[in-house]
Amino acid sequence: MPGPRRLGLFGGTFDPVHIGHLTAAEAVRQALRLDAIWFLPAALPPHKLEYPISSFADRLAMLELAIGGRPACAVSALEAELPKPSYTIDTLRELRRQLGPLVELFFIMGLDAFAEIDTWKAYNKLLSLASFAVLARPSHPLATAEAIIKRCFVDFCHDPVAQVWIAQERPGAIHVLNMEPVPVSSTAIRQVVRNSGSIEPLVPAAVAAYIRDHRLYLA
Ligand code: ATP
């Protein structure tokens with residue numbers, strides 16, 4: 001079977017994965033006509049070292065449960081094999097090496113992550129490896145995207161016909177997707193668990209059961 005030609009990559013901590021991630025992935029898949037979406041949990045995320053995150057194995061297991069029944073989705077443990085902390089540039093370089101030049105890559109992220117893109121390692125080289133698909137979050141409305149692009153990607157201009165930001169003679173594009181933000185975060189879910197609340201339907205039932213059975217987020 002041929003591999004995907006247009007591949008979405010969703011990086012994150014996923015501690016835990018929630019319906020915001022799943023809804024965003026599906027919306028991007030449809031909007032950009034992607035063949036597949038791979039979730040890439042960070043082995044050691046550089047931006048989240050300030051609190052103890054769940055083990056890679058737990059976060060991977062919850063992702064596997066969450067994507068059950070979604071044939072276009074897969075989970076990749078690649079970042080566990082790469083040097084730590086997990087930098088997106090290293091992951092994209094490795095995927096490009098493995099997949100070759102013909103697969104179009106789309107790195108998916110929320111606007112909260114995109115707002116800090118200039119703190120990412122070699123952020124200016126990311127777009128030579130993949131396009132971006134950026135989504136609003138309640139804390140970061142879509143309208144904030146333009147200022148971030150103008151600050152961090154000065155040579156990019158908006159193409160109103162294709163609804164995308166592009167730069168002349170530079171590969172990669174920035175798609176800012178007009179999708180209603182889903183008001184859920186992993187932080188909120190961890191807090192609800194700590195307060196003995198119910199996290200369904202914020203996470204799929206199988207993920208809620210995993211969190212219960214493995215007594216995650218109680219401390
Ligand atoms: P935390 O609350 O711990 O910061 P999170 O909910 O933001 O976690 P992450 O795993 O850190 O989840 O996010 C991975 C990626 O998914 C980031 O690019 C983030 O912006 C994006 N994302 C998270 N939640 C949503 C959502 N509800 N809608 C769209 N994108 C989201």
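Which residues form one aromatic cluster? Phe114, Tyr123, Phe132, Phe153 and Phe156 do.

1. Basis. This is a predicted model, in which local features need pLDDT of at least 70 and side-chain atom pairs count only at pLDDT 80 or more, while totals for chains, interfaces and linings use all residues. Residues are numbered from 1 along each chain as its sequence is written, and side-chain values use heavy atoms, with hydrogens and water left out.

2. Aromatic pairs. Nine aromatic pairs are found in a search of the whole structure (rings of Phe, Tyr and Trp, the last by its six-membered ring, with centres within 6.5 Å; planes under 30 degrees apart are stacked, over 60 edge-to-face, the rest tilted). One of them, Phe114 with Phe153, is stacked, at 6.1 Å centre to centre and 5° between the planes. Phe114 belongs to helix H5 (residues 111-114) and Phe153 to the loop between helix H7 (145-152) and strand E6 (157-159), so the pair ties together parts 39 residues apart in sequence. Helices (H or I, at least four residues) and strands (E, at least two) are DSSP runs numbered from the N terminus. Both Phe114 and Phe153 are buried (under 20% relative accessible area; exposed is over 50%, partly exposed in between; 1.4 Å probe, protein chains only).

3. Helix H2. The buried residues in H2 (residues 56-66) are Phe56, Asp58, Arg59, Met62, Leu63 and Ala66. Their arc around the axis is only 170°, which puts them on the same side of H2; the arc is taken from the directions from the helix axis to the C-beta atoms. The elements covering these residues include helix H1 (19-31), strand E2 (36-41), strand E3 (73-75), helix H3 (78-81) and helix H9 (205-213), where contact means heavy atoms within 4.5 Å.

4. Salt bridges. There are eight salt bridges (a side-chain nitrogen of Lys or Arg within 4 Å of a carboxyl oxygen of Asp or Glu). Among them, Glu104 pairs with Arg6, with the closest N and O atoms 3.3 Å apart. This pair links strand E4 (residues 104-110), which holds Glu104, to strand E1 (residues 6-12), which holds Arg6, 98 residues apart. Glu104 is partly exposed, at 40% relative accessible area.

5. Asp112 and Arg137. These two form a salt bridge with the closest N and O atoms 3.0 Å apart. Asp112 is in helix H5 and Arg137 in the loop between strand E5 (131-135) and H7, 25 residues apart. Asp112 is partly exposed at 26% relative accessible area, and Arg137 is partly exposed at 24%.
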